[in-house]
Amino acid sequence: MIVQMTACCNGEMMLVKKHASIVTFLDGSLMRGAIIIACLLQVRRRKKPAKILRYFPLKPRLQRLFMCSKTVEHMRWHAEDSNKDGIMRHPRDGEAWKRFDTIFPEFASNPRNVRLGLASDGFNPFGTMSTNYSIWHVVFVPYNLPPWLCMKQPNLTLSMIIPGPRTAGNNIDVYLQPLIKELNELWYEGVETYDSSKNEMFKMRAALMWTVSDFPGLDILSGWNTHTGLACPSCNFDAVPCRLPHSRKWCFIGHRRFLARNHKFILMRHRFFGDVEERNPPRKLSGSDILQQVKEIDVTFGRPVELNARKKRNRQRKDREGAT
């Protein structure tokens with residue numbers, strides 16, 4: 001099942017319902033006026049949406065994993081598998097998974113609750129052609145499945161396709177609204193699901209454990225600035241950047257602080273700018289610490305409305321006349 005949602009051409013808002021001159025947006029607000037309708041619709045010869053977000057609801061696709069006899073047994077593998085020798089083979093063996101079970105024991109008590117990873121990146125649908133076009137896709141990975149199944153293509157869940165032609169940037173939060181709403185419902189309320197292996201109904205809940213992306217994708221998904229001297233997400237404000245004058249790029253030379261104190265690189269001066277590393281690893285920030293850092297940031301969604309070529313020329317001519 002696919003849901004097509006009309007998006008503003010500038011990436012400012014998503015349209016849910018339209019009746020006469022009243023527009024309802026995903027945040028529940030109402031706006032009136034032909035200006036909003038004209039922004040959402042290209043009013044020319046043919047009225048068509050300026051942008052269409054293609055969204056694939058997540059609930060029925062997770063329910064299908066328990067209804068299928070080939071996958072339902074594997075959805076409990078992370079709790080029923082007896083091989084727990086301490087070797088990292090699956091996210092189940094990692095520290096984050098175990099800490100999550102400690103913080104949310106009610107969720108962890110039911111092994112059928114789904115743990116998800118979100119991966120996103122932009123790509124050019126025209127391949128190697130020189131067309132400057134970028135589409136973003138959002139894919140979910142069900143980490144309940146064992147390692148030989150969870151990363152296979154048939155088990156990856158495509159959630160949405162964010163239209164181009166330009167990259168979404170900060171406006172990706174606007175397009176992610178229907179997905180965030182559904183994830184909140186899966187976390188707080190759950191959904192009734194049929195378990196074909198036990199022939200019973202149960203309330204399935206889901207949790208988004210982490211996101212997977214490259215470094216530029218981290219900038220877009222989380223809003224973390226990856227283009228300055230404070231781009232390292234681990235060091236935060238305690239980073240030690242170095243600007244390379246010829247390539248005009250940033251590099252981070254404080255990586256020795258993560259080594260053990262008896263490591264030979266700690267005292268090695270001639271290979272590391274003549275300094276001895278005496279600092280400890282940076283403190284890991286909690287979710288509350290990060291929230292305190294970003295709560296005062298004012299984010300404005302949308303792009304400035306572009307003028308057509310004629311209006312641009314008229315404005316440039318007026319500017320030249322005013323200057324003379």
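Modeller: I start at tyrosine 55, which sits in strand β7, residues 51-55; helices (H or I, at least four residues) and strands (E, at least two) are DSSP runs, numbered from the N terminus. The model is predicted, so local features need pLDDT of at least 70 and side-chain atom pairs count only at pLDDT 80 or more, while totals for chains, interfaces and linings use all residues. Residues are numbered from 1 along each chain as its sequence is written, and side-chain values use heavy atoms, with hydrogens and water left out.

Tyrosine 55 counts as buried because its relative accessibility is 4%. Buried means under 20% relative accessible area, exposed over 50%, and partly exposed in between (1.4 Å probe, protein chains only). Proline 178 is 123 residues from tyrosine 55 in sequence, yet 8.1 Å from it in space, C-alpha to C-alpha.

Now the salt bridges, of which the structure holds 12. A salt bridge is a side-chain nitrogen of Lys or Arg within 4 Å of a carboxyl oxygen of Asp or Glu. One of them joins the side chains of lysine 59 and glutamate 185, at 2.6 Å from N to O. Lysine 59 belongs to helix α2 (residues 59-67) and glutamate 185 to helix α8, so this pair ties together parts that are 126 residues apart in sequence. Glutamate 185 is partly exposed because its relative accessibility is 23%.

A second salt bridge, 2.7 Å from N to O, is formed by the side chains of arginine 115 and aspartate 101. Here the pair ties together parts 14 residues apart in sequence, because arginine 115 lies in strand β8 (residues 114-123) and aspartate 101 in helix α4. Arginine 115 is buried, at 2% relative accessible area, whereas aspartate 101, at 24%, is partly exposed.

The side chains of arginine 112 and aspartate 195 also meet in a salt bridge, at 2.8 Å from N to O. This pair links distant parts of the chain, 83 residues apart: arginine 112 is in the loop between α5 (105-108) and β8, and aspartate 195 is in strand β11, residues 191-195. Both arginine 112 and aspartate 195 are buried. Through shared partners, salt bridges join Arg112 and Asp195 with Glu73, Arg76, Glu80 and Glu200 into one network.
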